[in-house]
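Hello,

Here is the structure I promised to pass on to you. Please have a look at it first, and then read my notes below.

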Amino acid sequence: MKEILVTLLIWISQNSVFEIPDPNEYPLPTLTFMSQNELHHMATNSTLNEDTFFMIRASYFPETNTIYLPHDTDIDTLHFESMLLHELVHHVQNINGISYLCNGHVEKDAYTLEIEYLLQKGVKDPYEMMGLHPLTLIFITQCRGDVFK
């Protein structure tokens, strides 16, 4: 797993303003797999149900330096790589002490890079692969009360 983390960190450093001096020596987060319900509750402090506006695909917790992912995620897919890249962006933001006006702006960088990654990999509709409507993305990347914890 270390190899994919380092590969994605290199991609982030080459495709963003984030500086990662030596991706092979960069502190790597721990990956933990759990049920989708547990993940959603951990990230939002709410229960996943039919009224859920936005399902959490993965989550990074800087306090524990851990990326949480659904246990049923197929790790040999581009979808997994894109989710991992998204959470690694949050890891890089944290390690570098980058501050943002609100959580929405933190997400904006991560989604922008994830979409770029998918486009570079030949995905015609990154939104579909991410299971995200473009208008939802606009909503969650704005400063308007925290959607997350």
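The count of disulfides comes to one, where a disulfide is a pair of cysteine sulfur atoms within 2.5 Å. Please bear in mind that this is a predicted model, in which local features need pLDDT of at least 70 and side-chain atom pairs count only at pLDDT 80 or more, while totals for chains, interfaces and linings use all residues. Residues are numbered from 1 along each chain as its sequence is written, and side-chain values use heavy atoms, with hydrogens and water left out.

The partners are Cys102 and Cys143, with their sulfur atoms 2.0 Å apart. The torsion about their S-S bond is about -85 degrees, so the disulfide is left-handed. Cys102 sits in the loop between H3 and H4 and Cys143 in the segment after H6, so the pair ties together parts that are 41 residues apart in sequence. (Helices are DSSP runs of H or I with at least four residues, strands are runs of E with at least two, and both are numbered from the N terminus.) Cys102 is buried, at 14% relative accessible area, whereas Cys143 is partly exposed, at 36%. Here buried means under 20%, exposed over 50% and partly exposed in between, using a 1.4 Å probe and protein chains only.

Next, helix H4. The buried residues of H4 include Gly104, Tyr111, Ile115 and Leu118. Among the elements that cover the buried residues of H4 are helix H1 (2–14), helix H3 (78–95), helix H5 (126–130) and helix H6 (134–140). Just after H4, Gly122 has a positive phi of about 95 degrees.

Which residue has a positive phi although it is not a glycine? That is Asn65, with a phi of about 50 degrees. Most residues other than glycine have a negative phi. Asn65 lies in the loop between strand E2 (59–61) and strand E3 (66–70), and at 21% relative accessibility Asn65 counts as partly exposed.

Met1 is partly exposed, with a relative accessible area of 44%.

Terms used. Contact = heavy atoms within 4.5 Å.
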